[in-house]
Amino acid sequence: MLWFENDSLQFDLNRCCQCGTCLAVCKTNALFPVLKQDGLYEIRCNTKRCTKCGKCVASCPACYLPRFQISEEDWGQLKGIFLGQAKDSGVSMAASSGGVARILLKTALDSSFCDTAYCVAATECYPWAEGRYFEREVDLSTIANSMYLPILVNENLKPVQRPTTILVIGTNCQLMGMDLFYRTSNVRLIKVALLCKQQKSFEFTRFIARRLGIGMDLRTPVRYRGNGWPGKVKMNKKSLDWADAAALPYGKKLWMIPGCRFCAHPLGWNVDITLSDPWGIYHKDKRGKTVIFVRTATGRDFLDLCKNKLFLKEIDIMGAKKSVDWEGIKRKQRLIAYYLRKDVPCARRMVAKMADCQRVLYETILERVPLPRFALRVINRIPFGENFIL
């Protein structure tokens, strides 16, 4: 998060969502990222180049994240909820869960529904992905699968000179950054959100490496998902089932990027379509499927355009809420005031502090002690007080 204080630009890593929008909006290249040991980026400023225009602050999603919360009323405004899967088996198997995002991107460009698209592309160097513009004849193999480490996705945004329509695919904070980046232009954005309730620091990847018994540094390529549902994590020719790798870190919110604590709308604020994994409601097909939330009339028209390339099955709202852990999202929303250091009920403050202490304890143990699989499962079953009280 960025702000000016005493005529000096300030940065708070605890509020930063690691989107990279500030780097793209700075015309004098005064801002630059510094990679820390845990994989988080610290944004620093070259004061000699900074003109104090304030565009970086105005374009920082972290300033806005706590204001927008998904509510019960939002569920009643959906235009449809589907389980989707690419008809092309090659596309669905290569993707993290069904290949729907890839089909949306390719169809949007092939049909001229959009002039260009912006999403995460795979790279050979750390962090093995970057934000990139795509135009006609897109090679779907260059699209990155789900990534579970900090990536400054919006760093490569650049102004489009002519009025155009851009399909943007990303998490809530990334899409908010894109919105802020283009808000004074004639560009129209078609927004597809990827459900994101918490992103991870690089310590999560190191945890997986320890479980695989290999050394891990920034030169070790990682493939987090793909090749079937829910996929495997692959490093140095070794692999681990994704469900096994992610159960404890995600269940206990370990190694979570600090800025993620302030996001109250993981389905994406003001977007046309949201895509998510079908956790808890779908297990049958190795090719995987995607839960598709149609949020606007534009999103409905866009999905209609892609119907001949997708298998679609409508699902009920209760199954959709289960898949995104709606109760967990509401618990997270109740804790935002605590992390903003506002006045909250004493019981809630105590529960939150207890959960934070538990996480620090678990992270410390897991970073230092190579526990066997059964011990990890036991830890994962130990309840957090916030799950019962909040």
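## A tour of the rings and a surface patch

This structure holds 18 aromatic pairs, and since the model is a predicted one, please read every distance here as computed from the predicted coordinates.

Start by selecting Y118 and Y133. Their ring centres lie 4.7 Å apart with the planes at 65 degrees, so you are looking at an edge-to-face pair. Now colour by secondary structure: Y118 belongs to strand β6 (residues 116-122) and Y133 to strand β7 (residues 129-134), so this pair ties together parts that are 15 residues apart in sequence. Are these two tyrosines, Y118 and Y133, buried or exposed? Both are buried.

Next, move to Y338 and Y339. Here the ring centres are 4.9 Å apart and the planes meet at 70 degrees, so Y338 and Y339 also make an edge-to-face pair. Both Y338 and Y339 are buried.

For the next stop, select Y148, F204, Y224, W242 and Y250 together; ring pairs link these residues into a cluster. Another charge over a ring can be found at R15, whose charged end sits over the ring of F262, 4.5 Å from the ring centre.

Finish on the surface. Select L361, I365 and V369, which form a nonpolar patch with about 220 Å² of accessible area together. Of these, I365 is found in helix α12 (residues 346-368). I365 is partly exposed, with a relative accessible area of 30%.

Methods:
Residues numbered from 1 in each chain as written. Predicted model: local features only at pLDDT ≥ 70, side-chain atom pairs only at ≥ 80, totals over all residues. Heavy atoms only, no water. Patch = residues over 30% accessible without salt bridge, like charges linked within 9 Å, V, L, I, M, F, W, Y side chains within 5 Å. Areas by Shrake-Rupley, 256 points an atom, 1.4 Å probe, with all protein chains shown as cover. Salt bridge = Lys/Arg side-chain N within 4 Å of Asp/Glu carboxyl O. Helix = DSSP H or I, 4+ residues; strand = E, 2+ residues; numbered from the N terminus. Buried < 20%, exposed > 50% of the residue type's maximum accessible area, 1.4 Å probe, protein only. Phe/Tyr/Trp six-rings, centres within 6.5 Å; stacked < 30°, edge-to-face > 60°. Lys NZ or Arg CZ within 6 Å of the ring centre and 35° of its normal.
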